[in-house]
Amino acid sequence: MSATGWIRERFAGPTPRPLPGTSGTWPRTALALPFIGMALIVLLDYLSGTRVTVEPALTAVPALAAVVGRRTWYPLVIGVCTEAAAFLMAFRSDTLDQSVHAASVIAILLAGTIGWVSATLRLRQERALADAQLVASIARRVLLRPVPERVGSVRAAVHYEAAAAHARIGGDLYEVVNTRHGVRAVIGDVRGKGLGAVETAAAVLGAFREAAHQEPALDRVAGWLAVSLDRALHENDHPGVEEEFVTLALIGVRPDGTAEIVNCGHPSPLLLRDARVRPLELAETVPPLGVLDPADVRPPVHRVPLRGGDRVLLFTDGMIEARDRSGTFYPLAERFPRCADGRPADVLQRLHEDVVRHVGRQLGDDAAMLLLQYDPPPTATPHLPQQAGVLTNH
């Protein structure tokens, strides 16, 4: 196995095998199209008699070979066969000494050569794109680690779609960790796109993975992230860094079943209980991180008791700002219960398919969803406050 293949297997998973009977993006049967086209032109020339020649139409055959071929030599082989067909047609119609035959021979030669060059360049670009996708997949796996199906007392799933079809990574961030303070999760959205947004997301995630274990209070975790983000923004020098900020929502599920929520300018999470959705809209929030001085970031902590089977959906604005052709925003709160059957991963997959159907095309912004289902082990006996389902301020 080559080094690239080993890296792909190790970090990005096994390379998908092509479906039987396919080669690249074209089925293997498509390789017969140039021969079929050549045969049809020869047949048409035979049926038309000797008064009209369709020999110039053979020029299209090498060009077609360059489109469907997956090897650089294929247009050249088709070009040689096409030249033979051209001489056969000219011999039959007695036009070997006429200018139309000479022009057809030269045109076929040029088409075959151009097809070879274009096929070579296309394959080089495809290899470069494949290498870039491999690097992006590895970077995404390192930055946005896979979320286990069970983390402590919750079942979790995540779905992420980058706005750039081949980028596989963007400015959205998420993480779920199990700490001695309970399960803690974050979802955020970095203003902007490109490598600058990825650098900022990496700084926030690195800080969260450390602070979530060290800080017992969730508001102090947010303060830690604000300090780390401020330092990262001052160290980075990419364009637009002075206008960069991060919206994020933090949630912690304590061992007693109480969910703690901190919101820094992010869309409110959705709580699904008994097939009914309730936005966890907090009475008091703070601006996104990066707007205020880190010393002024003191977000309130809001608490809501959870029951077994409760699901909390956290998401970025790429979901709720997705619009169809008429400009209607995707009604996430309305569609969430309709897709809520099954495992958390299945729920998110159905939501993603639903929003794509709503938009009718690829999403124009990064979109991330994180679903947490409270499902304590049978041995756990969480204590629920008397006023279940009521938000309380810290």
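I take buried to mean under 20% relative accessible area, exposed over 50% and partly exposed in between, with a 1.4 Å probe and protein chains only. By that rule, 45% of the 394 residues in the protein chain are buried.

**Ground rules.** I am working on a predicted model, where local features need pLDDT of at least 70, side-chain atom pairs count only at pLDDT 80 or more, and totals for chains, interfaces and linings use all residues. Residues are numbered from 1 along each chain as its sequence is written, and side-chain values use heavy atoms, with hydrogens and water left out.

**Overall.** I found ten helices and 14 strands in the protein chain; these are DSSP runs (helices H or I, at least four residues; strands E, at least two), numbered from the N terminus. I then looked up contacts, meaning heavy atoms within 4.5 Å. Of those with a separation of 6 or more, 72% join residues 24 or more positions apart.

**The cores.** I count as a nonpolar core a set of buried Ala, Val, Leu, Ile, Met, Phe, Trp, Tyr and Cys residues joined through side-chain atoms within 4.5 Å. The largest has 56 residues, and Leu 173, Leu 248, Leu 250 and Leu 372 have the most contacts inside it. Helix α6 (residues 194-214) gives this core its largest share, eight residues. Leaving aside neighbours within four places in sequence, I see Leu 173 touching, among others, Leu 144, Val 186, Ala 201 and Val 246. A second, separate core of 21 residues includes Phe 315, Phe 336, Leu 348 and Met 369.

**Arg 209.** Is this arginine buried or exposed? Arg 209 is buried, at 18% relative accessible area, and sits in helix α6.

**Two helices side by side.** I checked α2 (residues 33-48) against α4 (residues 74-93): they pack at about 10 degrees, with axes 11 Å apart. That makes α2 roughly parallel to α4, a label for angles under 35 degrees. Among the residues that meet are Phe 35, Met 38 and Ile 41 from α2 and Ile 78, Cys 81 and Met 89 from α4.

Most residues other than glycine have a negative phi. Asp 274 has a positive phi of about 55 degrees, and Ala 275 one of about 65 degrees. I noted Asp 274 as exposed at 65% relative accessibility and Ala 275 as exposed at 63%.

Notes:
Axes are lines fitted to C-alpha atoms, for helices over the stretch in contact, and angles run from 0 to 180 degrees between N-to-C directions. Angles under 35 degrees count as roughly parallel, over 145 as roughly antiparallel, 65 to 115 as roughly perpendicular and the rest as oblique.
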